[in-house]
Every structure is written in C-alpha cells, then in structure tokens.
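Biologist: Please take a close look at the nonpolar core of this model, and at the helix packing around one of its residues.

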Amino acid sequence: MNPTLDLANLDVFYAYRTAIRLLSLDRVTPFWPDLGLRLDGVEEVKTAARRCFRAEIELEALEDDERDFDGMMAVHIAAFLTDVERTQGTAAAAQLRAWIEERVYFLGLEPEWQMMWHVLVAWLPRRKEDRVASFGLPLGKVAKLFEIARAWAETADALDRRIAEADALPLEGWDAEAYAAYRRDDPDLSALAGLSQRLAAPAFERTWGAIRRLLGPAEMDALERWGQAEVLAHMERISHHSARIPPESRSLS
C-alpha cells in the first residue's frame, strides 16, 4: 500500500516520519485514543513502525554519498503500510494512512497565528479583566472569555504534564533504542517531538470555536488588539502581526 499524498512534499514526508516514530514507542500507546487512532492490532502496528524507524536509523548512519535518503525512506514508508495491511487488513491500513495524511499532516501545518493564540489565550486568566476590557470588550463578555481561557489553560497544562511524565519514564527495550538514536546529535532532544502539537491543536480548535461564538466582529477586533499589545509588551523578538487573526477565523456571532 502506498501513501495517497506525494512524499516529495517535505511536509508530507515529515508527517509520515513523525507518525511512524511516535507509533513505534510504548510510551505513546496510551495517547492513541487522544490522537484519534483506534486500531485493534496495536502491537502489530508498533512492530511495523519499529521496522520502518529502524531502517531510518540505519540510513541516517550512512554517508551522504552512500544513500538516497528520501527515495529509500519512501520505499520503507510504503513497506510500513503494506505490513499493516498484511497483518490487519486493507481497511485498517487505509484508516491508518488517512490518520497520518489527514490528522498528523494537517495538524503539523497549524498556522502561526493559531500557535500564537495558544499562548495568548492561556495568558488571559493571568491578566486583569478591566485591563482586557479596556481594548473594547464588554466586561460581561470578558468574564465569559476568561472562563473559556481558564479551561484551555487547564487542558494545555494537563497535556504538558502527561507528555512530560511519558518522556520521563524509564528507557527500556525499543524506547531506549529509539531515544538513543534520536538523541545521537543532541542529548536534550525528545523522541516525543511533535506529540504535543498533535494533541493540543484539536483541543484548541474547540476553544477557539467557543471564542468565535462568544464575540461579535467588533469584539474580535478588540481581542486582536489586546493580543497584539501582549506580543509587543512581552515578546520583543516576535512581530505583533503574529497575533493577527485571519478573516476566516474571526467571529461567528
């Protein structure tokens, strides 16, 4: 079975590599339901993922003139899907492929403004309500906005704690081998890289949907002004334009 998206696209290629790495790890298995992945043959999928990730590790160890990394990895990625199809059936393999191409890939393309508002919404409950209201938001709406923001901050903190706890588990078996390879050039790297974004993005979409339903167009403008002011005040190396909310993601009310 082959990917339906073109692996020559570097974002697609990275999404497959990220997904396969994460699927291979025992410490990621408890997160499968959170990631929207529901397959019966968990161990068989992990075995196929480990075979592919081990092939990537071996390719990385070769000299540049001894390998066609992208081309050879494309073969191993197709072999991974074929392994899953052989052990779990075509429907399960197609489900896994769709999960990688629709969820892992698209969530990896989360726009800059949205990632900025992950932070800004979490900051809201730490600010004074009247200060936020001064940008043009009614105090009644600010109170409801703070409720939404507190729920998001709690969700984000809980996700961060779960990932940190998983990352700190003793390194045994395959996970030890995978972490050693991933940290070959930088001992501070985590093989769980990419997991946080894939978990947080769907939760934030629900949060942002609640904000869009709460605020009218002028109120969304006011929220944007507050966000840009926060960036200017606290993120000196980042442009305040990163907090600009695109038209298609503004008010629903």
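**The nonpolar core and Phe80**

Modeller: In this predicted model, the largest nonpolar core has 83 residues, of which Phe80, Leu96, Trp117 and Trp208 touch the most other members. Helix H7 (residues 139-167) gives the most to this core, namely 11 residues. A nonpolar core is a set of buried Ala, Val, Leu, Ile, Met, Phe, Trp, Tyr and Cys residues joined through side-chain atoms within 4.5 Å; buried means under 20% relative accessible area, exposed over 50%, and partly exposed in between (1.4 Å probe, protein chains only). Helices are DSSP runs (H or I, at least four residues), numbered from the N terminus.

Residues are numbered from 1 along each chain as its sequence is written, and side-chain values use heavy atoms, without hydrogens and water. Because the model is predicted, local features need pLDDT of at least 70 and side-chain atom pairs count only at pLDDT 80 or more, whereas totals for chains, interfaces and linings use all residues.Leaving aside neighbours within four places in sequence, Phe80 is in contact (heavy atoms within 4.5 Å) with Ile20, Leu23, Val45, Ala48, Ala49, Cys52, Leu96 and Ile100. Phe80 also takes part where two helices meet: Phe13, Tyr16, Arg17, Ile20 and Leu23 in H1 meet Phe69, Asp70, Met73, Ile77, Phe80 and Leu81 in H3. By class, this contact of H1 with H3 has nine nonpolar, no polar and two charged residues.

Helix H1 (residues 10-24) and helix H3 (residues 69-88) pack at about 50°, with their axes 11 Å apart. H1 is therefore oblique to H3.

How values were computed: Axes fitted to C-alpha atoms, helices over the stretch in contact; angles between N-to-C directions. Parallel < 35°, antiparallel > 145°, perpendicular 65-115°, else oblique. Nonpolar A, V, L, I, M, F, W, Y, C, P; charged D, E, K, R; others polar.
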